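Open the model in your viewer and keep the selection panel at hand. The stops below go from strands to a ligand shell.

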Amino acid sequence: MIARSLTTRLFSSAAGKKVAVLGAAGGIGQPMSLLLKDSDHISHLSLFDVVNTPGVAADVSHCNTRATVTGVAGMENIEEALTGMDVVVIPAGVPRKPGMTRDDLFNTNASIVQSLAAACAKHCPEAMMLIIANPVNSTVPIVAETFKKAGVYNPKRLFGVTTLDVVRANTFVANSQGWNPRTTNVKVIGGHAGTTILPLLSQLKLDRQWSDDELHALIKRIQFGGDEVVQAKNGAGSATLSMAYAGARFTTRLLDAMHGAKDVIECSYTQNNVTKLPFFSTPVTLGPNGVEKVHEFGALNAVEQANFDSMLPDLEKQIAKGVDFVHKN
Ligand SMILES: NC(=O)c1ccc[n+]([C@@H]2O[C@H](COP(=O)([O-])OP(=O)(O)OC[C@H]3O[C@@H](n4cnc5c(N)ncnc54)[C@H](O)[C@@H]3O)[C@@H](O)[C@H]2O)c1
Ligand SMILES: O=C(O)C[C@H](O)C(=O)O
């Protein structure tokens with residue numbers, strides 16, 4: 001009894017955050033919303049989609065955790081879903097089918113992300129914006145330009161969620177080395193598409209050296225892990241469950257930092273100066289106001305340097321494509 005009343009008091013004294021998920025009825029949105037409902041840092045979980053959110057919200061709301069859950073459907077009602085939000089996570093958009101690149105999603109997802117970003121710029125301009133919708137290399141610049149157009153852009157509050165690349169790298173490396181995947185931490189830099197995904201395996205202290213063949217296979221598997229899932233799902237979409245895990249991990253790490261946790265460092269695709277490109281994924285320290293510090297990614301070996309050099313022009317084009325889209329629309 002004493003324990004319970006103490007818990008109740010501690011609980012109500014810490015101000016929770018309001019988190020919106022846009023695309024909450026989708027393959028990623030549903031399981032990620034479930035995982036976020038388990039966070040004690042969230043007082044209000046606002047689920048938004050163009051369809052089906054009342055049902056998802058009713059279902060998730062029965063979990064006996066802190067967050068109040070609301071479900072809003074339809075762009076005409078988005079103000080209700082966004083007003084007062086501290087964090088907005090966006091997995092809205094179409095996923096790949098076998099044979100497609102992430103860039104093939106641009107024509108559909110660019111306008112979805114632009115319209116959602118415009119609504120956020122209007123109704124919750126100070127919110128942390130976490131972008132999952134593909135192609136991330138271009139959708140993050142779309143959000144930046146849309147916020148700039150509205151005069152409310154703060155680069156410290158915009159994140160491309162590349163955590164799934166880190167999650168995959170941790171799993172594949174740990175399995176190969178016989179390590180605990182939970183405590184393995186591989187740095188993955190660059191962007192989130194094919195060869196723009198650059199795992200820095202040379203920075204790991206290995207228990208067992210990889211042969212050149214093993215190393216190349218491992219790098220390739222991390223870069224093309226998304227294709228592995230797309231092919232296995234055989235037309236039924238792309239990664240949803242591992243992405244929900246990765247999206248919830250990044251969101252809860254950010255919420256920890258917003259609640260005062262120190263030294264919270266995650267790789268994320270943010271605006272920074274670590275390369276000549278405006279956006280690049282590199283480790284960042286998270287804090288109450290978003291990006292607190294951008295870290296240099298450290299030394300590359302010869303193979304990584306060659307991969308880095310050859311992917312920069314692709315990433316540059318994908319960033320420019322997002323920027324141009326907003327300038328023309
Ligand atoms: N960043 C990453 O690592 C990563 C990983 C996996 C998937 N993705 C991307 O995430 C996106 C979603 O994937 P999914 O598997 O959940 O797709 P999905 O089709 O299952 O779900 C997408 C949801 O978005 C909703 N939606 C569409 N337009 C909307 C709008 N204007 N406002 C709100 N919601 C809207 C749909 O109704 C649907 O419920 C895809 O673009 C996919 O490529 C990114
Ligand atoms: O591969 C995809 O299209 C989805 C996602 O970006 C992933 O990495 O799994």
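Select leucine 47 to begin: its opposite number in strand E3 is glycine 71. (Helices, H or I of at least four residues, and strands, E of at least two, are DSSP runs numbered from the N terminus.) From E2, the chain goes through helix H3 (residues 53-61) to E3, a β-α-β crossover that is right-handed. Right-handed here means that, with the strands pointing away from the viewer, the path from the first strand over the helix to the second runs clockwise.

This is a predicted model, in which local features need pLDDT of at least 70, side-chain atom pairs count only at pLDDT 80 or more, and totals for chains, interfaces and linings use all residues. Residues are numbered from 1 along each chain as its sequence is written, while chains are lettered from A and ligands numbered from 1 in the order in which they are written.

Next, select E3 (residues 68-73) together with E2: the two are parallel, with six bridges between them. Two strands count as paired if DSSP finds at least two bridges between them. One pair to display is lysine 18 with its bridge partner in E2, histidine 44. Include helix H2 (residues 29-37) to see a right-handed β-α-β unit made by E1, H2 and E2.

Stay with E2 (residues 42-49). Why is this strand largely enclosed by the rest of the structure? Six of its eight residues are buried. A residue is buried if 20 or more other C-beta atoms, placed from the backbone, lie within 10 Å of its own.

Move on to Arg96, Arg102, Asn134 and Arg168, which an unreviewed UniProt entry lists under "binding site". Such annotations may be inferred rather than shown by experiment. Arginine 96 is in the loop between strand E4 (87-90) and helix H5 (106-123), and is buried, with 20 other C-beta atoms within 10 Å. Leaving out residues up to four places away in sequence, arginine 96 touches Arg102, Leu105, Val230 and Ser238; contact means C-beta atoms, placed from the backbone, within 7 Å.

Arginine 102 sits in the loop between E4 and H5 and is buried, with 25 other C-beta atoms within 10 Å.

Finally, show ligand 2. The residues around it include Arg96, Arg102 and Asn134, where a residue counts as near if its C-beta atom, placed from the backbone, lies within 6 Å. Helix H9 (residues 225-233) gives the most to this shell, with three residues.

Methods. A residue is buried if 20 or more other C-beta atoms lie within 10 Å of its own, exposed if 12 or fewer, and partly exposed in between; C-beta atoms are placed from the backbone. Two residues are in contact if their C-beta atoms, placed from the backbone, lie within 7 Å.
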